[in-house]
Amino acid sequence: MPQVTKLDKDTLVNEAHDFHGVINTEDIEFGYCTEMMVRFGKDKKAFDEQQFRNDMSAFGDSLLVINDDEIVKVHVHTEKPGDVFNYGQQYGELIKLKVENMREQHREVVKKEESNSSNNTASHEVETAVITISMGDGISELFKSMGATHVISGGQTMNPSTEDIVKVIEQSKCKRAIILPNNKNIMMASEQAASIVDAEAVVVPSKSIPQGIAALFNYDEADSLSDNKARMNETLSVVSSGAITYAVRDTKIDGIEIKKDEFMGLIEDKIVTSNPVLIDAAQSLLETMIAEDSEIVTLIVWCGGESIRNRSDCIMGRSKL
């Protein structure tokens, strides 16, 4: 069993839930945020962290396990909190428990956002609405600083509906609207919204955040809707989008061996590299993406503090950009 700093036995994980206000309540697959703290018992089942994690993964998602040699703290989203607690008792005493109904929490978030939206509609009225889809405060603020009038929260796993987009257009009371989906999974909803609103609306088919940023950089509020659409569409063809994520299982794709928990580099959703070291994976991805005629490299990172910024500087430096 790994030896780590003694855990605080007075508090659980206490994870905050950020729903972003765009998914339907019924889309939440595992509705109960479940947390427990177990004190290991001498006459109980021996604790093996990897086996424990594997078994707990079967109960739901968003699993977090933290342990020392005396206790284990667990956070998981599940449909059967009782089964989680019963499993924990195999290892010792349950000393703290918590269950929160996330569907009920989401309903309250939606009510609050709808109330705020109705109260603030007037302040968002514009002649031309430039609407982008984005997840995260940092990227949303970036879009706003570049001229986006409205930002709808959404992304890879939380897609806004046609109704969400229509509502924003209608509340803005705009005469014209430009929609940047920034994700291929949101394209259809964007096109449907553009086709049913009274305002003249067009979709710039951006499939990623970098494409959306590049397109918005070429938006000119003095130009017509058709001229802006043509220029912004042209910009998309010269943008290459990459991303770093991690593997959830061992696999082999397009000849690339990938191990669980390794960092994968993707270019336009195609895996091009895999490496156990984050900086090495990012460097390999950049070197694959950058061509002789590349002019600008934009690196967007999760706002995780000084260590993340230092890693970004290291990646850029090692890639000799």
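Guide: We begin with contact, which means heavy atoms within 4.5 Å. In this predicted model, residues 24 or more positions apart account for 63% of the contacts with a separation of 6 or more. Two notes on reading: residues are numbered from 1 along each chain as its sequence is written, and side-chain values use heavy atoms, with hydrogens and water left out. The model being predicted, local features need pLDDT of at least 70 and side-chain atom pairs count only at pLDDT 80 or more, while totals for chains, interfaces and linings use all residues.

Visitor: How many helices and strands does the protein have?

Guide: Both are DSSP runs numbered from the N terminus: helices are H or I with at least four residues, strands are E with at least two. Here there are 10 helices and 13 strands.

Visitor: What share of the residues counts as buried?

Guide: Buried means under 20% relative accessible area, exposed over 50%, and partly exposed in between, with a 1.4 Å probe and protein chains only. By that rule, 39% of the 321 residues are buried. As for the accessible surface, computed by the Shrake-Rupley method with a 1.4 Å probe (for residues, only the protein chains shown count as cover), the total is about 18,300 Å², and carbon and sulfur atoms hold 48% of that.

Visitor: Which residues of helix α2 are buried?

Guide: First the general idea: an α-helix has 3.6 residues a turn, so residues three or four places apart point the same way. In α2, residues 81-88, the buried ones are P81, V84, F85, Y87 and G88. They fall within an arc of 160° seen down the axis, so they line one face of the helix; the arc is that of the directions from the helix axis to the C-beta atoms. Those buried residues pack against β1 (32-40), α1 (49-57), β3 (71-78) and β4 (92-101).

Visitor: And β3, how many of its residues are buried?

Guide: Eight of the eight are buried, so β3 is largely enclosed by the rest of the structure. I71, K73, H75 and H77 point one way, while V72, V74, V76 and T78 point the other.

Visitor: Which strands pair with β3?

Guide: Two strands pair if DSSP finds at least two bridges between them. β1 runs antiparallel to β3, with eight bridges joining them; M37, for one, has K73 as its bridge partner in β3. Strand β2 (residues 60-67) also runs antiparallel to β3, through six bridges, and V65 is partnered there with V74. β2 and β3 form a hairpin, with three residues between them.

Visitor: What does T128 touch beyond its neighbours in sequence?

Guide: Setting aside neighbours within four places, T128 is in contact with T149, C174, R176 and Y219. T128 lies in strand β5 (residues 128-134) and is buried, at a relative accessible area of 17%. Its side chain makes a polar contact of 3.0 Å with that of R176. A polar contact is a pair of N or O atoms within 3.5 Å; within protein, one must be able to donate a hydrogen and the other to accept it, and residues adjacent in sequence count only if both atoms are side-chain atoms.

Visitor: How many disulfides does a search of the whole structure find?

Guide: A disulfide is a covalent bond between the sulfur atoms of two cysteines. The search looks for a pair of cysteine sulfur atoms within 2.5 Å and finds zero. C33 is buried at 0% relative accessibility, and C174 is buried at 10%.
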